[in-house]
Amino acid sequence: MTDTVAQTEKKPVIFSGMQPSGALTLGSYMGALQNWVNLSDAYDCYYCIVDLHAITSRQEPAELRRRCLDQIAQYIACGLDPAKSTLFIQSHVPAHAELSWILNCYTMFGELSRMTQFKDKSTRNTDNINAGLFTYPVLMTADILLYQAELVPVGDDQRQHVELARDVANRFNGIYGDVFTLPKSFIPEEGARIMSLADSTRKMSKSEPAGGCIYLMDKPEVILKSFKRAVTDSGGDVRYDQAEKPGVSNLMTIYSVATGKSYDAIEAEFSGLGYGAFKTAVGESVVELFRPIREKAEALLADKAYLVSVYTDAADHAARAANKTLRKVYKKIGFVAK
């Protein structure tokens, strides 16, 4: 990594990551990526492609490799500077898996049983309820604690996992002394939870049916078509009210994040115009937001050697920080030094 990433002055550490289990979405960008970019000057940031997490569901090997490369390119295209943030692939730093096993031995079965995401995912994947699906919050705990992260940007649905990381860190520190930093969740006020365009009661996800999800690399015509078909609500007024108008409120959130306009300004802009004009405008704003990102990502993917250098250098930098923590843990629990 460059000297910039090495950091001459110590900054608070941030860790976050996304699974390469599908293409990055509008929700990925507005709920996470743009906030990662905004945080990259003030913090020492480790942003990871969590491929170890991805295999709790069956992945096609060639597709998994391709998506990891795509995701690095899209991280950079969204504004993450490899000279400021450490952009690496999780499996390239073995300390993640090593610390995860140790922390499994300091995490209670009952704690994992209460994880709501395990209940949700096991219901949706009844033919593959594997042990990794149950224990992956411990791997997430290891991800965070390895870098002594103080802040973890997550969606609201991941807050429970950060609380588990705090609990495990507290338990370990209570036995062995001051080993781990206690992390805190960072959940942005705007754009933290973008809902499906097909069902405004569900968070937008990579597994959405056609039309419910917008992908970062979608062509303009696909984006516009999806927004024109987006669900709205009864009545024709554009007004922010999550209880009575969840569909319109979701579109207003997207439009607000894409344009920087307030909800009051949006309501005034579309007063008396109806949903048709509003949905077209939201779609066009997203097209223009994603156009430079898509074009830059395509250019980066044409230079594979550069992308390889980014994630290779980043993994070396991440490993130095992670191994420092891991050596301390090994010593504390009584493992013989190499």
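Reader: How many disulfides does a search of the whole structure find?

Author: The search finds zero disulfides. Keep in mind that this is a predicted model. To read the feature, look at the distance between cysteine sulfur atoms, which must lie within 2.5 Å. Cys45 is in no disulfide, and the nearest cysteine sulfur, in Cys48, is 13 Å away.

Reader: Are Cys45 and Cys68 buried or exposed?

Author: The cut-off for buried is under 20% relative accessible area. Cys45 has 0% relative accessibility, so Cys45 counts as buried. Cys68 is buried as well, with a relative accessible area of 8%.

Reader: What stands opposite Cys48 in strand E3?

Author: Phe88 does. Strand E3 covers residues 85–89 and runs parallel to strand E2, residues 44–49, with five bridges joining the two.

Reader: Which residues lie on each side of E3?

Author: Ser85, Leu87 and Ile89 are on one side, with Thr86 and Phe88 on the other. Both faces are covered, and five of the five residues in the strand are buried.

Reader: Phe88 has an aromatic ring. Which cluster do ring pairs link Phe88 into?

Author: The cluster consists of Phe15, Tyr46, Phe88 and Tyr147.

Reader: How is a pair of aromatic rings described?

Author: Two values are used: the distance of the centres and the angle of the planes. In this structure the search finds 16 aromatic pairs. One of them is Phe109 with Phe134: the centres are 5.2 Å apart and the planes are at 40°, so the pair is tilted. This pair links distant parts of the chain, with Phe109 in helix H6 (residues 109–113) and Phe134 in helix H8 (residues 131–146), 25 residues apart.

Reader: Are Phe109 and Phe134 buried or exposed?

Author: Phe109 counts as exposed, because its relative accessibility is 62%. Phe134 has 14%, so Phe134 counts as buried.

Reader: What are the distance and angle for Tyr255 and Phe270?

Author: The ring centres of Tyr255 and Phe270 are 5.7 Å apart and the planes are at 70°, so this pair is edge-to-face. Tyr255 sits in helix H11 (residues 246–259), while Phe270 is in the loop between helix H12 (263–269) and helix H13 (274–301); they are 15 residues apart. Tyr255 counts as buried at 5% relative accessibility, and Phe270 is also buried, at 5%.

Notes: Residues numbered from 1 in each chain as written. Predicted model: local features only at pLDDT ≥ 70, side-chain atom pairs only at ≥ 80, totals over all residues. Heavy atoms only, no water. Buried < 20%, exposed > 50% of the residue type's maximum accessible area, 1.4 Å probe, protein only. Helix = DSSP H or I, 4+ residues; strand = E, 2+ residues; numbered from the N terminus. Pairing = 2+ DSSP bridges. Phe/Tyr/Trp six-rings, centres within 6.5 Å; stacked < 30°, edge-to-face > 60°.
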